Amino acid sequence: MEREVDRGSSAATVERMADFVRSVIAPMTPAQSESGLDIVRARLAARQRRRIGLFRLSFAGMGAGVVACALWLVFSGAKLTVPHKASLAYHVEGGEIVDGGYLRSLGGAGVKLRFAEGSELDFLAGARGRLRSVDANGARLAIERGTASVKVAHRPGAHWLVDAGPFLITVKGTTFTVAWDATGEQLDLRMEQGTVSVTGPLSEGTITVSAGQRLAINLPRREVVLRELESVEAFHPASVPVSPEPELGPSKQGLDPDRADTAREAAAQRSGAHGRGGVAWPHTWPAALVAGDTDFILRDVERRGLERCLAEASSEDLSALADAARYRRRDNIAKQALLAQRSRFPGSARALDAAFLLGRLDEMREGGRPKALSWYERYLEEAPSGAYASEALGREMIVMQELMGAAAARMVAEDYLHRFPTGTYAGAARALRQEP
Amino acid sequence: MSAGRKNIPLHIVPSSARPDVDDAALARALIAGEPWSHAATWNRYAPLVFNMAWRALGSEDEAEDITQEVFYRLFARVRTLCKPESLRSFIVSFAIRILKWEFRRRRAGRWLTFFTPNDLPDVPFRGADPEAREILRRFYGILNELGTRERLVFALRHLESMTLGEIAAAMEISLSTVKRAHAQAVVEVGRSIASDKDLAGFLEEVQGRHGT
């Protein structure tokens with residue numbers, strides 16, 4: 001009887017509360033509706049592009065197989081008289097090429113493609129892309145996300161194409177850095193040498209970008225900006241005033257040792273001391289990171305002052321700094337760079353990724369696992385479909401099991417299997433689910 | 001150029017859906033990939049999903065995310081819809097599944113964050129006055145204590161006014177399970193409200209204002 005009275009009064013209370021909640025919930029605004037549909041469409045378009053790309057590749061692969069078989073049948077036993085022009089030879093450094101031509105980093109520091117005729121393509125850490133095709137005159141590469149540094153050797157008949165999101169960059173012989181932000185649908189192309197032409201949305205014809213220029217395209221805002229690269233006043237991490245001659249040391253220049261050291265290094269890079277003679281090597285932090293020169297970045301930070309760098313560096317540079325510091329186990333600097341990324345560029349793809357990376361840092365620190373769990377949780381809240389979603393959920397499950405036992409982690413395991421049934425942690429999740 | 005232009009993401013939102021199209025025709029258009037069908041479906045059902053998510057979660061931002069997730073999955077998998085005339089229930093079941101996942105994820109996360117009573121989740125309600133916001137903050141703090149199933153059943157029954165039978169069908173569980181979860185949720189929420197003097201006082205005041 002008492003239980004029924006309790007239930008009755010509870011029901012009445014709950015109804016009053018529910019009425020109140022319903023009364024204060026405002027309907028969806030037109031702006032929310034428009035932006036929501038835009039986001040859904042952009043995600044669908046990205047999905048469609050991925051599927052079409054894979055379909056084309058598999059179709060092309062099948063076609064190539066059929067042609068190869070036919071040729072073999074026709075010419076088997078007979079010597080081919082048609083001169084064959086071999087495709088460019090290349091090799092992959094820091095990673096491997098997997099199905100679909102995708103480049104997978106093995107060390108987390110990005111992947112480099114080095115072609116026999118001297119061209120190079122560096123996918124910076126966090127970038128995702130693939131090698132679509134290679135022939136005797138060049139190759140076609142696709143950048144699906146992140147930044148890539150491209151250096152194409154100039155030679156007659158060279159024909160290189162770089163897809164960056166929906167944009168197509170046609171290259172002859174040049175050096176440039178291109179970034180495609182798939183989330184924000186933004187292209188950022190910085191030319192160092194030569195000329196490229198860009199086609200794609202928002203341009204009626206071809207946009208020509210020459211040395212020293214920067215092309216920035218923001219699709220959602222429908223903005224196309226072509227301008228000179230940042231002036232010297234702008235923050236440019238490694239663009240230190242250097243002597244053109246690397247042998248000019250501190251005694252001749254009056255520089256302090258650290259500064260001279262940095263300057264020497266930058267000059268050495270420019271003059272080809274790393275075996276890239278004749279080509280102006282990119283001297284930004286991201287480029288240094290690609291080159292594996294993490295010490296250069298850290299020394300540059302020490303010279304300039306960490307606080308200033310954290311306050312003034314671009315999002316891309318902060319990301320490079322965080323990576324460099326992580327690789328060199330300078331966790332404190334990495335953490336500060338990641339926190340700066342989150343506070344200065346909130347909502348950006350890099351800021352979202354920073355939450356996951358902060359979790360990784362905390363997880364490796366003694367006593368840092370509870371904090372790591374908070375970061376993973378935050379990342380999953382902010383970027384449920386983000387690049388690290390599978391990893392974050394998997395790590396969350398593992399750390400939770402270690403801290404709180406299997407029962408607590410089982411719920412996360414269920415979620416993991418629901419979302420990533422073939423993911424890296426699927427085996428661990430299944431085992432966890434079956435534990436008594 | 002033409003190769004690049006094929007992938008141009010359009011950002012056009014039609015002013016309204018086609019009012020003359022019923023759910024079955026809309027679903028068939030979605031399955032056939034008619035260009036207008038996404039906007040029409042969104043305009044017709046996004047407000048429903050958004051309100052459902054907002055009331056259930058108590059967060060406008062998260063409701064936006066959930067709504068986008070629901071429609072992204074819907075458009076990507078609409079070919080699995082066997083009965084075009086059931087488009088509405090198909091969308092609602094998508095929304096419920098995603099909400100369920102969200103609640104589970106939150107509960108898993110709460111093992112870690114250890115909310116104290118003074119550290120309840122913020123509930124930023126557009127247009128609500130400070131007192132109402134405080135009430136809502138406390139109310140959603142109470143809901144956060146419920147289990148995933150109980151919370152979802154509670155939200156669908158009391159905030160969405162669905163019948164227990166509809167809830168059972170949408171959640172793909174038995175009616176008796178829904179009844180049990182509902183009864184448990186009502187008692188727990190009622191007790192928690194009663195033990196929160198401010199919340200209980202506010203509701204009494206509201207009741208008095210309405211002269212009942």
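Let's start with one pair of residues: A:R214 stands opposite A:R227, which sits in strand 15 of chain A. That pair belongs to a run of strand pairings. Strand 14 of chain A pairs with strand 15, residues 223-228, in the antiparallel sense. That pairing has 6 bridges. Please keep in mind that this is a predicted model.

Now the other pairing of strand 14. Which strand is it? Strand 11 of chain A, residues 186-193, pairs with strand 14, residues 213-218. The sense is again antiparallel, over 5 bridges. Here A:L189 stands opposite A:L215 of strand 14. So much for the strands.

Step back to chain A as a whole. How many helices and strands does chain A have? It has 14 helices and 15 strands. Chain A has 436 residues, and 37% of them count as buried. Take the contacts in chain A between residues at least 6 apart in sequence. Of those, 42% join residues at least 24 apart.

Next, two helices of chain A. Helix 8 covers residues 315-327, and helix 9 covers residues 331-344. Their axes come within 8 Å and cross at roughly 155°. Parallel or antiparallel? An angle over 145 degrees counts as roughly antiparallel. Helix 8 and helix 9 of chain A are therefore roughly antiparallel to each other. Their crossing is left-handed. Who makes the contact? From helix 8 of chain A, the residues include A:L318, A:L321, A:A322 and A:A325. From helix 9 of chain A, they include A:I333, A:A337, A:L338 and A:Q341.

One further helix in chain A: helix 11, residues 369-382. It has 14 residues and reaches 20 Å from its first C-alpha to its last. That is close to the 20 Å expected at 1.5 Å a residue. Which residues of helix 11 are buried? Among them are A:R369, A:W375, A:Y376, A:E377 and A:L380. Hold on to A:L380. We meet that residue again in a moment.

Over to chain B. Chain B has 10 helices and 0 strands. From the N terminus on, its elements read α-α-α-α-α-α-α-α-α-α. Of its 212 residues, 37% count as buried. Among contacts in chain B between residues at least 6 apart in sequence, 56% join residues at least 24 apart.

Here is the residue to look at in chain B: B:R105, in helix 5, residues 87-113. Buried or exposed? B:R105 has 21 other C-beta atoms within 10 Å, so this residue is buried. What does B:R105 touch? Leaving out residues up to four places away in sequence, B:R105 touches A:L380 and A:D415. And A:L380 is one of the buried residues of helix 11 of chain A. Within chain B, B:R105 and B:T148 are 43 residues apart in sequence. In space they are 9.5 Å apart, C-alpha to C-alpha.

Last topic: backbone angles. Most residues other than glycine have a negative phi. Where in chain B do we find positive values? One is B:S161, with phi near 60°. B:S161 lies in the loop between helix 7 and helix 8 of chain B. With 10 other C-beta atoms within 10 Å, B:S161 is exposed. Another is B:E172, also with phi near 60°. B:E172 is found in the loop between helix 8 and helix 9 of chain B. It has 9 C-beta neighbours inside 10 Å, so B:E172 counts as exposed.

Definitions and conventions
Residues are numbered from 1 along each chain as its sequence is written. Chains are lettered from A and ligands numbered from 1 in the order in which they are written. This is a predicted model: local features need pLDDT of at least 70, side-chain atom pairs count only at pLDDT 80 or more; totals for chains, interfaces and linings use all residues. Helices (H or I, at least four residues) and strands (E, at least two) are DSSP runs, numbered from the N terminus. A residue is buried if 20 or more other C-beta atoms lie within 10 Å of its own, exposed if 12 or fewer, and partly exposed in between; C-beta atoms are placed from the backbone. Two residues are in contact if their C-beta atoms, placed from the backbone, lie within 7 Å. The expected span of a helix is 1.5 Å times one less than its number of residues. Two strands pair if DSSP finds at least two bridges between them. Axes are lines fitted to C-alpha atoms, for helices over the stretch in contact, and angles run from 0 to 180 degrees between N-to-C directions. Angles under 35 degrees count as roughly parallel, over 145 as roughly antiparallel, 65 to 115 as roughly perpendicular and the rest as oblique. A crossing is left-handed if the near helix is turned anticlockwise from the far one by less than a right angle, and right-handed if clockwise.
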